[in-house]
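Dear colleague,

Here is the structure I promised to pass on to you, and below it you will find my notes. Please read them with the model open beside you.

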Amino acid sequence: MRIAATADLHFSPQRANILKEQLAPVRDQADLLIVAGDLTNYGQPSEMEPLVNVLVRLRVPIVAVLGNHDYESDRQEELMKMMSDEGIKVLDGTGYERDGVGFAGTKGFVGGFGRSVLTSFGEPEIKTFVRASIDEAMKLERAMSQLRTAKRVVVLHYAPIAATVVGEAPEISAYLGTSRLAEVVDRHGADLIVHGHAHHGSLEGKTTAGIPVHNVAITLLQSQKPPAAYRVFDI
Ligand SMILES: [Fe+2]
Ligand SMILES: [Fe+2]
């Protein structure tokens with residue numbers, strides 16, 4: 001299966017025509033499109049509606065997860081329903097199988113990487129924060145355990161490894177993702193992990209177990225030579 005992947009569209013109606021043009025070749029180049037979160041800027045249905053319009057007109061199956069921006073107006077449930085109603089498969093701690101390839105996805109959360117992962121110790125506020133990070137890792141665990149396919153693709157918004165956030169200010173790296181997510185994927189095994197969120201990170205890296213991780217934030221892809229709006233993976 002040829003899988004196109006992008007993220008961080010941060011859609012505004014003024015960008016509709018550019019985005020249409022950028023994504024038009026997907027249909028010929030891939031069998032499925034992944035959108036790895038931050039579909040909107042402020043999480044407003046008024047942003048999602050025209051975006052869904054652009055996406056469904058691509059006439060290619062779409063798998064998506066939401067990003068932090070899609071939560072900004074606390075209308076994430078509504079956004080997910082708008083997408084599902086139009087046939088977009090929204091993963092939120094869930095799995096999806098298509099043509100022998102399994103997709104497991106969740107938004108993920110922040111918390112840091114490796115030995116710098118924030119642990120649940122001290123004030124209740126820290127514990128709540130860490131809880132949210134662990135909850136997302138558990139949602140991914142649940143999604144992955146649903147898959148029965150030999151081939152597996154993991155879709156996240158936040159980064160699961162530090163390597164693909166390199167390029168962003170080092171001071172904020174713990175706010176760009178957490179290796180708790182990679183630990184889950186390494187336990188279950190996968191062929192590919194895609195994520196976004198780190199707009200100025202690095203294109204690729206690997207988990208401890210050697211699973212390839214790709215940052216497909218559109219800003220990052222656009223800064224390459226030649227600029228791209230998505231990447232295509234053969235699985
Ligand atoms: Fe973003
Ligand atoms: Fe984000």
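Asp 38 has its place in the loop between β2 and α3, and in this predicted model its phi is near 55°, a positive value in a residue other than glycine. Most residues other than glycine have a negative phi, and most peptide bonds are trans. Asp 38 is also buried, with a relative accessible area of 0%. A second residue of this kind is Asp 8, which has a positive phi of about 60° although it is not a glycine; Asp 8 lies in the loop between β1 (2-6) and α1 and, at 2% relative accessibility, counts as buried. The backbone also holds a cis peptide bond, which joins Lys 225 and Pro 226 with an omega of about -5°, and Pro 226 is found in the loop between α7 (218-222) and β11 (231-234).

In soluble globular proteins, nonpolar side chains tend to be buried together. The largest nonpolar core here has 29 residues, and those with the most contacts inside it are Leu 33, Leu 55 and Met 83. Two or more residues of this core come from each of α1 (16-23), β2 (32-36), α3 (45-56), β3 (62-65) and α4 (76-85), and α3 gives the most, with five residues. A second, separate core has 21 residues, and among them are Ala 5, Ala 36, Val 63 and Val 153.

Which helix has 23 residues and reaches 33 Å from its first C-alpha to its last? That helix is α5, and its reach is close to the 33 Å expected at 1.5 Å a residue. An α-helix has 3.6 residues a turn, so residues three or four places apart point the same way. In α5 the buried residues include Val 130, Ser 133, Glu 136, Ala 137, Leu 140 and Met 144, and what covers the buried residues of this helix includes β5 (94-98), β6, β7 and α6.

The structure also holds three aromatic pairs. In one of them, the rings of Phe 109 and Tyr 158 have their centres 6.3 Å apart and their planes at 65°, so this pair is edge-to-face, since the angle is over 60 degrees. Phe 109 lies in the loop between β6 (101-106) and α5 (124-146), whereas Tyr 158 lies in the loop between β7 (151-156) and α6 (179-188), so the pair ties together parts that are 49 residues apart in sequence. Both Phe 109 and Tyr 158 are buried, and together with Phe 129 they form one aromatic cluster. Elsewhere, Lys 107 lies over the face of Tyr 71, at 5.2 Å from the ring centre.

Finally, please look at Thr 178, which is in the loop between β7 and α6. Thr 178 is buried, with a relative accessible area of 0%, and a polar atom of its side chain lies 3.0 Å from the backbone oxygen of Gly 112. Not counting residues up to four places away in sequence, Thr 178 touches several residues, including Phe 109, Gly 112, Phe 113, Ser 133 and Pro 160.

With best wishes

How values were computed. Residues numbered from 1 in each chain as written. Chains lettered and ligands numbered in written order. Predicted model: local features only at pLDDT ≥ 70, side-chain atom pairs only at ≥ 80, totals over all residues. Heavy atoms only, no water. Phe/Tyr/Trp six-rings, centres within 6.5 Å; stacked < 30°, edge-to-face > 60°. Helix = DSSP H or I, 4+ residues; strand = E, 2+ residues; numbered from the N terminus. Buried < 20%, exposed > 50% of the residue type's maximum accessible area, 1.4 Å probe, protein only. Lys NZ or Arg CZ within 6 Å of the ring centre and 35° of its normal. Expected span 1.5 Å × (residues − 1). Contact = heavy atoms within 4.5 Å. Core = buried A, V, L, I, M, F, W, Y, C linked by side-chain atoms within 4.5 Å. Polar contact = N/O pair within 3.5 Å; in protein donor to acceptor, adjacent residues only side chain to side chain.
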